[in-house]
Structure formats: structure tokens, C-alpha cells
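Trainee: Can we go through this one together? I'd like to start with the helix and then move to the sheet.

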Amino acid sequence: METIFSKIIEGSIPCNKVFENERILAFYDIAPAAPVHVLIIPKKPIPSMNEVAPEDLPLIGEMHSVAQQIAKELGIAETGYRLINNCGPDSGQAVPHLHYHLIGGAKLGALVGNSTSHA
């Protein structure tokens, strides 16, 4: 299934890259939710976290390492950031391609609604 992310990976849609290797691409979100908002995607088309297979686990681990690296490079590792994965329609997943949102650069609000349980 072709998605906006597959088009970004193939280069037919441009992006502002933060990181790229043969397995992972990271780029700035075009509608940022915070001063730093980077999307981290595998180049392998995995629709969501529900479809991650055992053989994909090293890739997921590498995505986490890339997130740590980017957070350090962008100066948010010490002050704090969120690494978010939305899975399925109730979570707000808009693109059926596994991805993480690396968000930081400001004091972040509650995780959902008016909750203060994670403030």
C-alpha cells in the first residue's frame, strides 16, 4: 500500500531530513506539535506496531537508538522529550506506516485530554 511515507522514502515527496541510513529515515513534521517534532520511520513498510514481526525487533531497537541520537543532537535529551507511537484509529494514527513522533523543546502538556496524571 502506497502512503505519504513511502513517497517520502522514495524521494517523490521532499522532506527536511534529520537522519537517514539504509533502514531508517527521520525528518521534521510539517505540522509540528512542539518546537522539536521529528518523525522517525522504518523504510520497511510496516503498517503499525500490531504488524511488527519478531524479525523486525532489531529494527525497532535501532529506531529507538536513532531517537536517542537525534534527541542529543537537537539538544533535548537532557531537558526531556516524548517518543510516541500511535497504533490504530482510536490512537489517531493517520498514516498506515509505523512511525514515532519525537517531540520536545518545550514543557509538554498532558498526554491525553485534560489528564494531569503524567504532568
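**Helix and sheet**

Mentor: The cover over the buried residues of H2 includes E1, E2, E3, E4 and E5. Contact means heavy atoms within 4.5 Å, and buried means under 20% relative accessible area with a 1.4 Å probe, protein chains only. Helices (H or I, at least four residues) and strands (E, at least two) are DSSP runs, numbered from the N terminus.

Trainee: What kind of model is it, and how are residues numbered?

Mentor: It is a predicted model, where local features need pLDDT of at least 70, side-chain atom pairs count only at pLDDT 80 or more, and totals for chains, interfaces and linings use all residues. Residues are numbered from 1 along each chain as its sequence is written, and side-chain values use heavy atoms, with hydrogens and water left out.

Trainee: Which residues of H2 are buried?

Mentor: Leu59, Ile60, Glu62, Met63, Val66, Ala67, Ile70 and Ala71.

Trainee: Why the spacing?

Mentor: An α-helix has 3.6 residues a turn, so residues three or four places apart point the same way.

Trainee: What follows H2?

Mentor: Glycine 75, with a positive phi near 75 degrees.

Trainee: Now the sheet. In what order do the strands come?

Mentor: The 5 strands form an open sheet, E1-E2-E3-E5-E4, with antiparallel pairing; two strands pair if DSSP finds at least two bridges between them. The edge strands, E1 (17-20) and E4 (81-84), each pair on one side only.

Trainee: How many bridges join E1 to E2?

Mentor: There are 3. Phenylalanine 19 is opposite alanine 26 in E2.

Conventions: Buried < 20%, exposed > 50% of the residue type's maximum accessible area, 1.4 Å probe, protein only.
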